[in-house]
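Work through the exercises below with the sequence and the 3D structure at hand. Try each task before reading its solution.

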Amino acid sequence: MNDRYGNDVLSADSRSAHRRPTSRPVPAERGLVVEEVTTGWVGAITRVEKSGGEHVVVLEDRRGRTRTFRLGPGFWIDGKPVELVPHRPTTPTGPQRTASGSLAAPDQRARVARGSRIWVEGKHDAELVEKVWGDDLRAEGVVVELLQGVDNLEEALRDFAPSAERKVGVLVDHLVPGSKEQRIADAALRTVRPGTVLVLGHPYVDVWQAVKPQRIGLERWPVIERGTEWKRGILRELGWPADEQADVARAWQRILRSVRSYADLEPSLLGRVEELIDFVTA
């Protein structure tokens, strides 16, 4: 016969079920997003330093405001309690990986540049590719160059004169069926020999969106109305300064700092960059 009142609330099993969860230690790495329990302040770690004889951590919220807290317990990550501890780089003891997830070759020098190239539309694209794939590209001798907008693609290909020994891989923003970018890419490809140029792209309006929004404390990237300059529209939605071009530059550096490895990028960008690297190194 079942006990209609359930288990004894004073039993050992019952007490363990109601025990408060313990905090697990987590290194206070730059860019890690945490929540301070008592204040509810959510922000990314910008630095850890000593102040008044104790370690403190500085958190920057999505509006660029900063607050300083004592390093230790009292933080949450994904709703679970953690204790922030000083980050101490360890001495490598086994095979190491690059930010892209590739095995890092020990003490390998940069290879002499190939004739082939990877072109990206702008500076932000280039900086993101460098941060995640830079080690791989140097090992392969692949140079990333700025196209300064997909509108210049056909002219740039004509000047470069791609061949089987001088291939070009192109990464394009917002490359979706029916878009202006797709029409430009299709027209440019008709002017070159097949197999010498590969144009791939991601579906985002700007490469900023290829960074997972959780890295800067968002659930999703805001939707910006047509006719509004996308980057400044994003900054206004986030409550970040957006009046000058310098505000855009500072915002991008903040977003870029939050990227630690390939795991912080959307798969729709990861796959395309890997394909381009394979194409120009084949």
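**Exercise 1.** Is aspartate 78 buried or exposed?

Solution. The model is predicted: local features need pLDDT of at least 70, side-chain atom pairs count only at pLDDT 80 or more, and totals for chains, interfaces and linings use all residues. Residues are numbered from 1 along each chain as its sequence is written, and side-chain values use heavy atoms, with hydrogens and water left out.

Step 1: take the cut-offs. Buried means under 20% relative accessible area, exposed over 50%, and partly exposed in between (1.4 Å probe, protein chains only).

Step 2: apply them. Aspartate 78 has a relative accessible area of 77%, so this residue is exposed.

Step 3: Aspartate 78 lies in the loop between strand S6 (75-77) and strand S7 (80-85). Helices (H or I, at least four residues) and strands (E, at least two) are DSSP runs, numbered from the N terminus.

Step 4: check the backbone. Most residues other than glycine have a negative phi. The phi of aspartate 78, however, is positive, near 55°.

**Exercise 2.** Where is glutamine 148 placed?

Solution. Step 1: glutamine 148 sits in the loop between strand S9 (143-146) and helix H3 (153-160).

Step 1: the phi of glutamine 148 is also a positive value, near 60°.

Step 2: the relative accessible area of glutamine 148 is 55%, so glutamine 148 is exposed.

**Exercise 3.** How many aromatic pairs does the structure hold? Classify two of them.

Solution. Step 1: rings of Phe, Tyr and Trp (its six-membered ring) pair if their centres lie within 6.5 Å; planes under 30 degrees apart count as stacked, over 60 as edge-to-face and the rest as tilted.

Step 1: the structure holds five such pairs. In one, the ring centres of phenylalanine 69 and phenylalanine 75 are 6.3 Å apart and the planes stand at 85°, so this pair is edge-to-face. Phenylalanine 69 is buried at 9% relative accessible area, and phenylalanine 75 is buried at 2%.

Step 2: tryptophan 208 and tryptophan 230 also form an edge-to-face pair, with 6.1 Å from centre to centre and 75° between the planes. Tryptophan 208 is in the loop between strand S11 (197-201) and H5, while tryptophan 230 is in helix H5, 22 residues apart, and the pair links distant parts of the chain.

Step 3: Trp208, Trp221, Trp230 and Trp252 form one aromatic cluster.

**Exercise 4.** Which residues of helix H5 are buried?

Solution. Step 1: H5 spans residues 230-238, and its buried residues are Trp230, Arg232, Gly233, Ile234, Leu235 and Leu238.

Step 1: these buried residues pack against helix H6 (245-257), where contact means heavy atoms within 4.5 Å.

Step 2: after H5 comes glycine 239, with a positive phi near 80°.

**Exercise 5.** Which residues line the largest cavity?

Solution. Step 1: on a 1 Å grid over the protein atoms alone, a cavity is a set of points where a 1.4 Å probe fits but cannot get out, and lining residues have an atom within 4 Å of a point.

Step 1: the lining consists of Ile118, Val120, Val129, Leu171, Val273 and Leu276. Strand S8 (117-120) and helix H7 (267-281) are the elements that give two or more residues to this lining.

Terms used
1 Å grid on protein atoms, 1.4 Å probe; cavity = no way out; pocket = protein on both sides within 12 Å on 5 of 7 lines; lining within 4 Å.
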